Amino acid sequence: MQHKLAMIEPVGGHRGNELFLYNLCSGLQDAGCHTTLYTCDETNFDAFHKPRFDVKKYYRRIYGSDPVLLRGLRYLKGAYQTVQDCHRQGVNIAHLHIYHFANREFVNQLLLQQQQIKTVLTIHDVEDFVKFGQTHTLKKYRRFEKRNPHTIVLSQYAKKKLMHYFPNTPQEQIHVIPLTDKDTLYYNPERTKAEARKALGLHPDDFIVMFFGQIKKVKGLDVLIDGFARALKGKSDAKLLIAGIPWKVGFDAFEKQIQEHQLGEQSILRLQYHPNEVKPDYFAAADIVVLPYREIFSSGVLVNAMHYRSAIICSDLPFFREYVKDGYDCLMFESENAESLAAQLRRVYDNRSLPEQLKGPARLTADTIFNTERIVEQTLKVYDQVMGS
C-alpha cells in the first residue's frame, strides 16, 4: 500500500536526532512513501546533504531561554501549521514521536485526528527519566492510548513496560522496531584514531575511557567515575573523557566526586552539546565507550558506538541484553555496581587487544539488527495495519 506520510518529530537537531530521522525518512521515501519531515529549525542536515524527502521546519524557536509560555505558543503555532499542511498535501498517515507524553505532544495527535489523519506513535521513553525512581501515574498515558490503535517501541523491554501503561491495547498492536541511528552522513571509516585525537586535542598515547551523550541521573555517570577511580586511579596514561551536556541535572555533584577521587588530572570534561559532525571523531578517539546506565529503553549512543566500530562496556540492563552479548560484541557489568565496572576496566586496560576483538562483532550487530532496510520494512507493515484498521 502506498502512503503519503508525515513524519512529525519536533526535537530534530536540537538534541542530535537527525541521524535516525534522515535514515528512516530516506528509507521510507525510497520504499515508495511520499515522505515529509516536520521538525524544528535547529535541524540542519538539509543544508549539507540534499535529502530525498521534503523537510518543513514549522516548529521555530521552541527551544532556548525565552519564556516557557512564549515557546509553548510557538510550538502550538508549529503544530497548527504542520497539520494544516498535512491536510493540504493529502497526507493519509502521520508518524508522531513521543518522548514525554506531554501536553504539547498530545496537541499534535489531537489536531491530526480532528483532520481524520490516522496516526502511529513511536514512543522513545516509556517513563520520564527526570522522575526516575518515582511512581508514574497512568492518567497522562490514557489519552494517548485511547486515540491511537498502533504504537512502535524500540525494544521488547520497552514493550513490557508500555503494556502496564497501555492496558487496553492488544499486545499485537505494540510493535518493536529499533532505531536506525547509524551515521550515514558524517562517518568516515578511513579516519584514524591518531587523526581523531589530533582534531580533538587529545594525547595520542593515552588510554581513553569515554562517556558520551546527555548527562542524566539515569545514565549512571557517578557509577563510572567510581569505577574508573577503583580501576585506573594513578595510572597517568588513563583518562576519563566526559563528552556531553547535563540535562535536568547539575554537574556540581559529579565534579565533587571527581575531586574526592583525586581524578582531576585524569579527567577531560567536554560539557557541551556535540553535533553529529564531530561525533565520529569522539568515538574514533576512545579506547572504550562506557554506557553505565541505570535505566534505558533505547540507546542512540549504543548504535553509534557499534556502527563506528567502538569497543563498548555497558550495564547488564534488559535493553542491552536484548541487543548485545557480553564477551561477543561488548563487555557487561552489573548495573550500579562500581566494582563490577572497575573489573571490566582493569580487564581492557591490561589487555589492549581486547577492545579490538569486540569492534568487528559490534559492527556486525549494528549492520544486522539496526539495518535501515529491515527497519523500514517493519515500519511499512505497521502503516499498512494502521490504514487497514
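Mentor: A helix here is a DSSP run of H or I with at least four residues, and a strand is a run of E with at least two, both numbered from the N terminus. The model is predicted, so local features need pLDDT of at least 70 and side-chain atom pairs count only at pLDDT 80 or more, while totals for chains, interfaces and linings use all residues. Residues are numbered from 1 along each chain as its sequence is written, and side-chain values use heavy atoms, with hydrogens and water left out.

Trainee: What separates F319 and Y323 in helix α11?

Mentor: Helix α11 covers residues 318-323, and F319 and Y323 lie four residues apart in it, which means a separation of about one helical turn. An α-helix has 3.6 residues a turn, so residues three or four places apart point the same way.

Trainee: Why is the pair of F319 and Y323 called edge-to-face?

Mentor: Rings of Phe, Tyr and Trp (its six-membered ring) pair if their centres lie within 6.5 Å; planes under 30 degrees apart count as stacked, over 60 as edge-to-face and the rest as tilted. The ring centres of F319 and Y323 are 5.2 Å apart and the planes stand at 65 degrees, so the pair is edge-to-face.

Trainee: How do you know that F319 is buried?

Mentor: Buried means under 20% relative accessible area, exposed over 50%, and partly exposed in between (1.4 Å probe, protein chains only). F319 has a relative accessible area of 2%, so F319 is buried. Y323, at 10%, counts as buried too.

Trainee: What makes the pair of Y59 and Y75 tilted?

Mentor: The ring centres of Y59 and Y75 are 5.1 Å apart and the planes stand at 55 degrees, so the pair is tilted. The pair joins distant parts of the chain, with Y59 in strand β3 and Y75 in helix α2, 16 residues apart. Both Y59 and Y75 are buried. The structure holds 21 aromatic pairs. One aromatic cluster is formed by F101, F106, Y141, F144, Y165 and F166.

Trainee: What makes α7 roughly parallel to α8?

Mentor: Axes are lines fitted to C-alpha atoms, for helices over the stretch in contact, with angles from 0 to 180 degrees between N-to-C directions. Angles under 35 degrees count as roughly parallel, over 145 as roughly antiparallel, 65 to 115 as roughly perpendicular and the rest as oblique. The axes of α7 (residues 221-232) and α8 (residues 252-260) come within 10 Å and cross at roughly 5 degrees. Therefore α7 is roughly parallel to α8.

Trainee: Which residues of α7 and α8 meet?

Mentor: Contact means heavy atoms within 4.5 Å. L221, D222, I225 and D226 of α7 meet F254, Q257 and I258 of α8. Those residues divide into four nonpolar, one polar and two charged, where Ala, Val, Leu, Ile, Met, Phe, Trp, Tyr, Cys and Pro count as nonpolar, Asp, Glu, Lys and Arg as charged, and the others, Gly among them, as polar.

Trainee: Why does T35 count as buried?

Mentor: T35 has 0% relative accessibility, so T35 counts as buried. T35 belongs to strand β2. Leaving aside neighbours within four places in sequence, T35 is in contact with L5, C25, L28, Q29, F53 and D54.

Trainee: Why is Q116 called exposed?

Mentor: Q116 has 73% relative accessibility, so Q116 counts as exposed. Q116 sits in the loop between α3 and β5 (118-123), and its phi is near 60 degrees, a positive value in a residue other than glycine.

Trainee: Why does P170 count as partly exposed?

Mentor: At 33% relative accessibility, P170 falls in the partly exposed class. P170 lies in the loop between α5 (156-165) and β7 (174-176).
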